[in-house]
Amino acid sequence: MSDWAALEAHPGSSLTELFQAEPDRLSRLVVEEVGLRFDFSKTHLDHALLDGFAALAEARDLPGRREALFRGEALNATEGRAAEHPAERGHGAPESVHRAQTLHLRMRALIDAIEAGAFGPVRHILHIGIGGSALGPDFLIDALGRDAGRYDSAVVSNVDGAALEAAFARFDPTATLIVIASKTFTTSETMLNAESALTWLEEDGVDDPYGRVIALTASPERAIEWGVDETRILPFSETVGGRYSLWSSIGFPVALALGWTEFEELLEGAAAMDRHFRLAPPLQNAPVLAAFVDRYYANLRGAETRAVFAYDERLRLLPSYLQQLEMESNGKSVTLSGEPVGRATAPITWGGVGTDAQHAVFQLLHQGTHLVPVEFVAAIEPDHALDPDHHRQLLTNCFAQGAALMAGRRSDDPHRSYAGDRPSTTILMDRVEPASLGALLAFYEHRTFANAVLLGINPFDQFGVELGKEMAKAMDSGGLQFDASTEALMAHAFGDEF
Ligand code: F6P
């Protein structure tokens, strides 16, 4: 790929040198949008690298691909369909936007019906789904639902019965709404959890268990076949990918738990980020700059991971959400045309919550041998009434980590030396609220897309997860011979049953 040659030849300077040589770094590398401040200044992107990446983006036709995304063209070539999550926020082909709005109205009507008592008493929401059908609702309800107090919700994804049992122990079956979220309505973990939830209702004497079930799916015919009444199915489009589906009816428990106005604010925040991604020039465009940072460290500096630390309890599930979004989208080895991609694709996304992580994994970030680009996400406004010192300390810890990673400190004692020059990005939110979270998640979606365009890969399929699923099914039904190690594990766990 000759487009990369100029970037690869670039000698590079240290972060401290860059701040000295480029006094305008802050004004160029800080982007403020929708109540979010993205600070890319503590990364090694200098003028030359930025120009090089902008040229690469042009050569890869990022502007054209982006327009094709918003026009609803079939960008997901391997599955022959579009990726129309922006249409859920009002940006896309007019017919897709209209369809999404119609489905949103249906969702709202069902929420109104629940609140008007059509389902009898509802105090608990048991949301069953996995991957993209769980991570977004779980993150948002956890982040924003703490004070909403409208319903007590649980998101259960794991097929481990212990997860479901914990929800059963908390909830009254006669006041629980079961929400089954599955784009395909075939995912084995979700279907088994759904069966068990139905049995729980039946065994506890709920007269019409199916009457307390709502299905969120792009395969309504399968939900009907399973037993859900059509009036309680909230469909969404096949062209909305699982990990991009939070904005569709998969967001139903979010809208129910937080309120419809809040759900609309979430969509509006995302729509504002869509506009920014679509219209801002590349060097002032937060998702595009973030993708340049990702590509620089993964492809030119050999970083194999990137770490995200949420300095806010409300955002503690953000790293898990991003793991699916980034790794399921861009964890690929071949280009759109099926050729080996020839360079590193998605780094491994990992992370945690600050300040806890400082006392667990930051040793490696400061003195370890791996280069790990770090991302800090924090909010200026706290969510508690305790002494303001709590929040002040939270934020000073966050900012101090970025400063320490960059500055380092020399010592005659090698054990007490910090090399420094370690990069970080900081995303500072004014406050954690539906609009800013909508914008934040849309930022991550577009960053993921921009990365995929720079690499020439398809971020919208996920064939990599299929083989393991097939093998688990084959193992369950028996009759297939596996390798010696796997056969021995099965024999050890199940005895002669298999
Ligand atoms: O196994 C991967 C995956 O297909 C994800 O892409 C998806 O979000 C998840 O499983 C759940 O799928 P579904 O919504 O169809 O149950």
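Me: Where is Val34 found?

Reply: Keep in mind that this is a predicted model. Val34 sits in the loop that runs between strand 1 (30-33) and strand 2 (36-39).

Me: OK. Which residues does the cis peptide bond join?

Reply: Gly354 and Thr355 are joined by a cis peptide bond, with omega at about 10°. In general, most peptide bonds are trans.

Me: Where does Thr355 lie?

Reply: Thr355 is in the loop between strand 9 (348-353) and helix 15 (362-367).

Me: Switching to the ligand. Which residues come nearest?

Reply: There are 14 residues around the ligand, and Ser133, Ser182, Thr184, Thr187 and Glu328 come nearest.

Me: How far is the side chain of Glu328 from an oxygen atom of the ligand?

Reply: An N or O atom in the Glu328 side chain is 2.6 Å from a ligand oxygen atom. For Gln324, a polar side-chain atom lies 3.2 Å from an oxygen atom of the ligand.

Me: What about Lys183, which part of that residue lies 2.7 Å from a ligand oxygen?

Reply: For Lys183 the atom is a backbone N or O, and that atom lies 2.7 Å from an oxygen atom of the ligand.

Me: And how much of the ligand does the protein bury?

Reply: The protein buries 89% of the 390 Å² that the ligand exposes when taken alone.

Me: Where does the ligand sit, then?

Reply: The ligand sits in the largest pocket. That pocket has a volume of about 1,000 Å³.

Me: What lines the largest pocket?

Reply: The lining has 38 residues, and Thr184, Thr187, Val465, Glu466 and Lys469 lie nearest the centre of the pocket. Thr184 and Thr187 are also among the residues that come nearest the ligand.

Me: Which helices supply at least two residues of that lining?

Reply: Helix 9 (188-203), helix 14 and helix 18 (466-477) each do. Helix 18 has the largest share, with 5 residues. By class, the pocket lining has 15 polar, 12 nonpolar and 11 charged residues.

Me: New topic. How many cavities of 30 Å³ or more are there in the whole structure?

Reply: A search of the whole structure turns up 3 of them. The largest cavity holds about 120 Å³ of space. Among the 16 residues lining the largest cavity, Val293, Asp294, Tyr297, Arg306 and Pro373 are the closest to its centre.

Me: Which elements give two or more residues to that lining?

Reply: Helix 13 (286-300), strand 8 (305-311), strand 10 (374-379) and strand 11 (424-429) do. Helix 13 gives the largest share, 4 residues. The lining of the largest cavity divides into 8 nonpolar, 4 polar and 4 charged residues.

Me: And what's the volume of the second largest cavity?

Reply: The second largest cavity is about 80 Å³. Residues lining it include Asp294, Arg295, Arg306, Glu326 and Arg447. Asp294 and Arg306 also line the largest cavity.

Me: Which element gives the most to the lining of the second largest cavity?

Reply: Helix 17 does, with 3 residues. Helix 13, helix 14 (318-330) and helix 17 (434-455) are the elements that give two or more. Its lining divides into 5 charged, 4 polar and 2 nonpolar residues.

Terms used:
Residues are numbered from 1 along each chain as its sequence is written. This is a predicted model: local features need pLDDT of at least 70, side-chain atom pairs count only at pLDDT 80 or more; totals for chains, interfaces and linings use all residues. Side-chain values use heavy atoms; hydrogens and water are left out. A residue is near a molecule or strand if one of its heavy atoms lies within 4 Å of it. A polar contact is a pair of N or O atoms within 3.5 Å; within protein, one must be able to donate a hydrogen and the other to accept it, and residues adjacent in sequence count only if both atoms are side-chain atoms. Accessible areas come from the Shrake-Rupley method with a 1.4 Å probe; for residues, only the protein chains shown count as cover. On a 1 Å grid over the protein atoms alone, a cavity is a set of points where a 1.4 Å probe fits but cannot get out, and a pocket is an open set with protein on both sides within 12 Å along at least five of seven lines; lining residues have an atom within 4 Å of a point. A molecule sits in a cavity or pocket if more than half of its atoms lie within 2 Å of its grid points. Grid points are joined across faces, edges and corners, and a volume is the space filled by probe spheres set on the points. Ala, Val, Leu, Ile, Met, Phe, Trp, Tyr, Cys and Pro count as nonpolar, Asp, Glu, Lys and Arg as charged, and the others, Gly among them, as polar.
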